[in-house]
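Please open the model in a viewer and keep the selection tool at hand.

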Amino acid sequence: MNETEISRLVGLLHATLEAMSAGPGPSGLERRVRFELEDREVTSDIDGAVAYLFGEIARGAANSSAHLVFARHLRAWDAISEAPWTEQTGNFTPERRSLVCSALRLSAAMAEALLTNIPIHKGFDDAVLIANEHQTWYSELRKQQAGTFYWSQYERYLQTQSGWDEAATTSLNESTDKVMHCLSDPQRHEAFAVRGLVVGYVQSGKTANFTAVIAKAMDAGYRLIIVLAGMLDSLRFQTQRRLDKELVGREQILRDRQVDQAHEYSGDQDWERFTSYGCLPVEKGGFDIRRITTSVEDYQKLGQGRDVLRFEKQFADRPLNHPDNLRTTAARLIVIKKNPAVIRKVIADLKGLQMSFDDIPALIIDDESDQASVNTVDPRKKPAEGKDTRTGTNKAIVNLLAMLPRSQYVGYTATPAANTLINPGDSLDLFPRDFIELLPRPANYMGVADFHDFDDEFNPRSKEEVADMGYVSNRNAFVRSIVDSDDTGTFAKALDAFFLTGALKLFRNDLAPGSVSTRHHTMLVHRSSGQDAHDEDRDTVRQLLSRNAYRKAVSLERLWRLWKEDFEPVSAVKEPGLARPVSVAELRPFLIQAFEKFEGSRKQVLVVNGRDTNKDDMPDFDKESVWNILVGGAKLSRGYTVEGLTISYFLRRAQAADTLMQMGRWFGFRRGYRDLVRLYLASQVTVGKAKVDLYDMFESVCMDEERFRQRIRIYSAQGIRPIQVPPLVPMGMLIPTQKNKMHNAEIAMENFGGKGAQSGRVTFAPAVRKANVARLSTLLGNQLGEPVELTGTWKDQRQSLRGRAYTVGAPEFLEFLKAYRWGTPANQFAAVIGFLSGTGGHSPDVDKWRVILMDNPSAAGKWRFNGKAVGVFERGGTAERFNVFSESRHKAVAAHLTGVTALSSPNAQLVAMTQPRQAICLIYPVVPRDFGGTSVKDTEITLGMHLEFPANRIPEQINFRVRDPKSDAAFVDVAQHN
């Protein structure tokens, strides 16, 4: 069959399946297809056409359009929660799949083939949605009435051009449907503005998500689309091109070109991969997209040409958002830099039209919405004369939204602290009052957690545990330490790793074409935000490139040794199924090819910053193959995708968690070379007056991020509303965002019954440490303490703890917690103290405390407490915090003592000490990892705590109170029930 016949057949299959999905559900497929073939006279060889379609569907070829179309509908039928035809079968179950295959009247052999080629998907977590009550409008019937023209085209593009499988597009469909449900119906009679937030992971495909939302929103009736695409020209261009390529399409780009001029993407290597509709959408009975911005330039004030923004109405007597007008009115797409002057140009041109905006359904997408969009003017302070109560960008966005009564504002970010801490009492501001959606972690994504080692509760594993894990440990596999900024030996090895991994990619792609992309291969050097430092780094790279002598035989031997000592053992553990060379002779031609690709670049070392002399260094990943080493700072952080990034050399520090996380350009999708990624990370950088380990800083941020998501998941099931989210933002090693973005957040009461709590930030002031030891001595008095060694089995592993146990009364322990001094904030256990004090009139059901002073028998360092020698624990941390005090084996035993969990085979001591209504406090005498001494003084010891609480009868899990910083009046004081 020729391509035209195949295209017509696939179109017929798509229409048939769409009709089933919009109607009563799956039904006899072959009968329906034969009927359509005869009715449309697609081909005279009906038997051959049916055989071809069913063969392609069953074969499961990834590049088969017939298979992709069928798989999308099959996945959708797998996923539907409730429909009359499902006969109460659960979604994503064998029973549902069997029902679908039976309804389609497929043979047993074909049903089995489909199960192999399109397995029942359970791999993705669902997106978590927190939303106020909203009007239900985005139904299957509505989709059928309005059509899914742009969404269907985008979905096909992702599968056929971007290599997404059916499971990934199904997950995208579900998560974006949740956003659409929260938006206001564009046809709604009364205007209703929505403010929402979508939270993903750094470099995890947020652009694909908002592109899908734009496609669905346009299909549903939104006609003004404005995308705030970051603060740099490079980010705006990247977003414009992506939308043009994947959504707007070739036909509409060609329509926009000037007469007798080449179109803006002439010479673009990917032009043939831009989406194509075959003709202008309006010629198919749909509506077009009119681009107001292009890839060539940002928004320019239109002046007399502003009529391009005036929406045409087929029926002048009806509002624009009437279905009769929406069907034919072209959508306007504006992609602009997030700059107040640019936003004001858009506002001025819209106002210049002198028209009513009440009936314009508008969608505003704010990419990296925690950057610049948030008002950082403290509302508690009266602004100086002549100063505004809003920052420039925030004011411009707020004014734009205020002008458009039907505006739907959706922010996108991976670091949501700033957005969730916006003052919810400011009705004009951008607090996500209507919904917050947490996107699931996508398959094949490599994020911050993939470089760290955590237990089930996102606590870092101890140094000893990590050492025993070998290359199963993420740290051992992917992270290499930089001792100091002058460590040229490690820098030289990182350069070796860059060329070696490039050769390995070429080697793998030669064996299995398409298994790994070799178009781009990059290394990132990020040491400082200072431009002079970038020039120094470029010169250092050039010197090391010359010294490493990559064209000489000795370099090949050195690179092969690096493969055998570092990369091969990691690859064998992390990606055993990927190809690995067995000899230097096998790898040599690809090493030579890697050197040639690097040397053939227009400029091998690119300095990406704001300096004019480097303005041509910004790589264009869309128009050219990039095999370069990139040196830079801010321009290589937030929002910018460094394609093919494999080796990162990073020494940059940050004061805020969101800033640090956004610098992690090594996060992203690494298909076919995940085992080759290496992160060279500084183990000693200066923060204040102290030296800290960047690995520990990233680890802390990751812990806080995952725990935040965990808490949101827990409380989302209890009907939490967006306004109740701010107090859940964690305060870890770093403040979650800049201080000028943190104006309000408060938890009135949190129920710790059946849970644990652990301190975080500490103070290293010697006098405070000594005073804390004195407070502990006062609490425990002259008790000798009972030597304990408690053991039991949990999850098939032996759990144990060792120390001295003391029994103290509940009032005495509460006073101890109140008196104990930490770092910032002043008391890490403020919420615990409120809980133990009976906040809300509820008893915590704690009669006594069992305090266990932990002892590390293998420690070289000893600390004397009340005349007894105690082995100390070494922990990693920063100038303000140890990452963690407790260990999972200790917590399991402590939870058994409270009766919350039950270890099997408990020893006699553990059985005797387990009692009702008792809480446990594990006190860890801790020193930094590099302490090195054998005798530890009171002024050198940090007493870290882990608390475990018994279950109680309090019905509430948490009470939220979010305060108006202007009046200190509570907006919310609502208990959430189980």
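**Stop 1: salt bridges**

Begin by selecting Arg433 and Asp434, whose side chains form a salt bridge with the closest N and O atoms 3.5 Å apart. A salt bridge here is a side-chain nitrogen of Lys or Arg within 4 Å of a carboxyl oxygen of Asp or Glu. The model is a predicted one, in which local features need pLDDT of at least 70 and side-chain atom pairs count only at pLDDT 80 or more, while totals for chains, interfaces and linings use all residues. Residues are numbered from 1 along each chain as its sequence is written, and side-chain values use heavy atoms, with hydrogens and water left out.

Colouring by accessibility separates the two partners: Asp434 is buried at 12% relative accessibility, whereas Arg433 is partly exposed at 29%. Buried means under 20% relative accessible area, exposed means over 50%, and partly exposed lies in between (1.4 Å probe, protein chains only).

Next, select Lys564 and Glu568, a salt bridge with its closest N and O atoms 2.8 Å apart. Both residues belong to helix α21 (residues 553-574), where their spacing of 4 residues corresponds to about one helical turn. Helices (H or I, at least four residues) and strands (E, at least two) are DSSP runs numbered from the N terminus. Lys564 is partly exposed, at 39% relative accessible area.

Move on to Glu887 and Arg889, whose side chains meet in a salt bridge of 2.8 Å, N to O. Glu887 is buried at 7%, and Arg889 is partly exposed at 35%. Then select Arg241, Lys245, Asp268, Asp270, Arg273 and Arg519 together: salt bridges with shared partners join these residues into one network. The count of salt bridges in the model comes to 53.

**Stop 2: a helix crossing**

Display helix α3 (residues 46-59) and helix α6 (residues 108-117) as cartoons; their axes come within 8 Å and cross at roughly 45°. The axes are lines fitted to C-alpha atoms, for helices over the stretch in contact, and angles run from 0 to 180 degrees between N-to-C directions.

Which residues of α3 and α6 meet? On the α3 side, select Phe54, Ile57, Ala58 and Arg59; on the α6 side, Met110, Ala113, Leu114 and Asn117. Contact means heavy atoms within 4.5 Å. By class, 6 nonpolar, 1 polar and 1 charged residues make up the contact of α3 with α6. Ala, Val, Leu, Ile, Met, Phe, Trp, Tyr, Cys and Pro count as nonpolar, Asp, Glu, Lys and Arg as charged, and the others, Gly among them, as polar.

While helix α3 is displayed, select Gly55, which is found in this helix and is partly exposed at 34%.

**Stop 3: aromatic pairs**

The structure holds 36 aromatic pairs. Rings of Phe, Tyr and Trp (its six-membered ring) pair if their centres lie within 6.5 Å; planes under 30 degrees apart count as stacked, over 60 as edge-to-face and the rest as tilted.

Select Phe210 and Tyr412: the ring centres are 5.4 Å apart and the planes stand at 70°, so the pair is edge-to-face. Phe210 lies in helix α10 (residues 206-220) and Tyr412 in strand β7 (residues 407-413), so the pair ties together parts 202 residues apart in sequence. Both Phe210 and Tyr412 are buried.

Phe499 and Phe595 form another edge-to-face pair, at 5.4 Å centre to centre and 70° between the planes. Phe499 belongs to helix α19 (residues 488-511) and Phe595 to helix α22 (residues 584-599), so this pair links parts 96 residues apart in sequence. Phe499 is buried at 3%, and Phe595 is buried at 2%.

Finally for this stop, select the cluster linked by ring pairs: Phe752, Phe813, Phe816, Tyr820, Trp822, Phe829, Phe835, Trp849 and Phe949.

**Stop 4: positive phi**

Most residues other than glycine have a negative phi. Select Gln354, which has a positive phi of about 50°; Gln354 lies in the loop between α14 (340-352) and β6 (362-367). Ala549, in the loop between α20 (531-548) and α21, also has a positive phi, near 50°.

Are these two residues buried or exposed? Gln354 is exposed, at 75%, whereas Ala549 is buried, at 18%.
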